[in-house]
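Welcome, and thanks for taking a look at this one with me. Please open the sequence and the model side by side, and then read on.

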Amino acid sequence: LTYSLNKLLAEEIKNISIPVDVDFTTLSTITSFNASVQLKTLGGRDYSSDEIKLYNKLAVPELEYNKYVDTNDTTGFTDEATVIIEKGETYTYRVVVNNISTIDAKNVIVVDNIPVGLTVVESSITNGGVYDKDNNTISWNISVLSANSIKDLDYNVTVANDISLGTIYRSKAHISVVNPIDTDLMLYDDDTNVISTLYQIV
């Protein structure tokens with residue numbers, strides 16, 4: 001497409017919109033399109049924009065993820081923002097990663113940060129999670145999360161017996177996945193919701 005601008009005043013901005021409709025369902029072998037803009041002036045100067053890459057959503061996995069907690073105060077896992085805990089209690093954190101697409105997700109990295117003051121029960125870590133005591137994290141490297149499948153990543157922590165009233169522990173996990181089409185880009189690089197556990201006498 002070529003547009004001709006008769007006049008562009010100093011410091012003036014003109015926006016040109018070009019709507020396109022691509023039916024990727026009929027182009028199953030096409031994973032992406034590249035687009036850029038070239039500007040030519042009467043003075044002979046040429047300018048080029050940065051390249052924009054449009055990805056076929058059907059060619060990359062789509063994930064949903066959330067963090068939950070199960071304590072003595074809850075009836076099963078919940079993602080409520082704040083949950084009451086007790087001194088000396090052992091409770092469970094769970095990170096759920098759900099591949100809601102028809103494409104396998106590869107090399108899904110989940111890193112869960114353990115709040116300072118909680119003791120990890122290492123034997124409770126599921127699905128091959130690795131506890132790093134120095135950084136106080138648990139990491140999972142899911143080599144393949146199959147299409148339309150869910151992975152529950154659980155572990156237990158124990159509350160100290162000498163914590164002060166009003167102590168609150170905030171915890172969230174981080175999800176990262178490299179774009180399988182362009183490995184220089186991240187497909188996901190995001191945090192889950194925050195779960196807060198509070199020592200409070202009810």
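How many helices and strands does the secondary structure of the chain come to? The answer is zero helices and 16 strands, where helices (H or I, at least four residues) and strands (E, at least two) are DSSP runs numbered from the N terminus. This is a predicted model, in which local features need pLDDT of at least 70 and side-chain atom pairs count only at pLDDT 80 or more, while totals for chains, interfaces and linings use all residues. Residues are numbered from 1 along each chain as its sequence is written, and side-chain values use heavy atoms, with hydrogens and water left out.

**The chain as a whole**

- Of the 202 residues in the chain, 32% are buried (under 20% relative accessible area with a 1.4 Å probe, protein chains only; exposed is over 50% and partly exposed lies in between).
- Among contacts (heavy atoms within 4.5 Å) with a separation of 6 or more, 67% are between residues 24 or more positions apart.

**An open sheet**

- Four strands, in the order β5-β7-β12-β9, form an open sheet with antiparallel pairing; two strands pair if DSSP finds at least two bridges between them.
- Because β5 and β9 (118-121) stand at the edges with a single partner strand each, one side of each is left without a neighbour in the sheet.
- Strands β7 (residues 90-99) and β12 (residues 149-159) pair in the antiparallel sense over ten bridges.
- Tyr93 has Tyr155 in β12 as its bridge partner.

**Aromatic pairs**

- There are four aromatic pairs in the structure; ring centres of Phe, Tyr and Trp (its six-membered ring) must lie within 6.5 Å, and planes under 30 degrees apart count as stacked, over 60 as edge-to-face and the rest as tilted.
- One of them is the edge-to-face pair of Tyr65 and Tyr188, at 6.0 Å centre to centre and 90° between the planes.
- That pair links distant parts of the chain, 123 residues apart: Tyr65 is in strand β5 (residues 63-70) and Tyr188 in strand β15 (residues 186-191).
- Tyr65 and Tyr188 are both buried.
- Tyr91 and Tyr93 also pair edge-to-face, at 5.2 Å centre to centre with 75° between the planes.
- Tyr91 counts as buried because its relative accessibility is 1%, and Tyr93 is buried with a relative accessible area of 0%.
- One aromatic cluster is formed by Tyr91, Tyr93, Trp140 and Tyr155.

**Charges over rings**

- Lys67 lies over the face of Tyr93, 4.4 Å from the ring centre; the criterion is NZ of Lys or CZ of Arg within 6 Å of the ring centre and within 35 degrees of the ring normal.
- Arg94 lies over the face of Phe77, at 4.0 Å from the ring centre.
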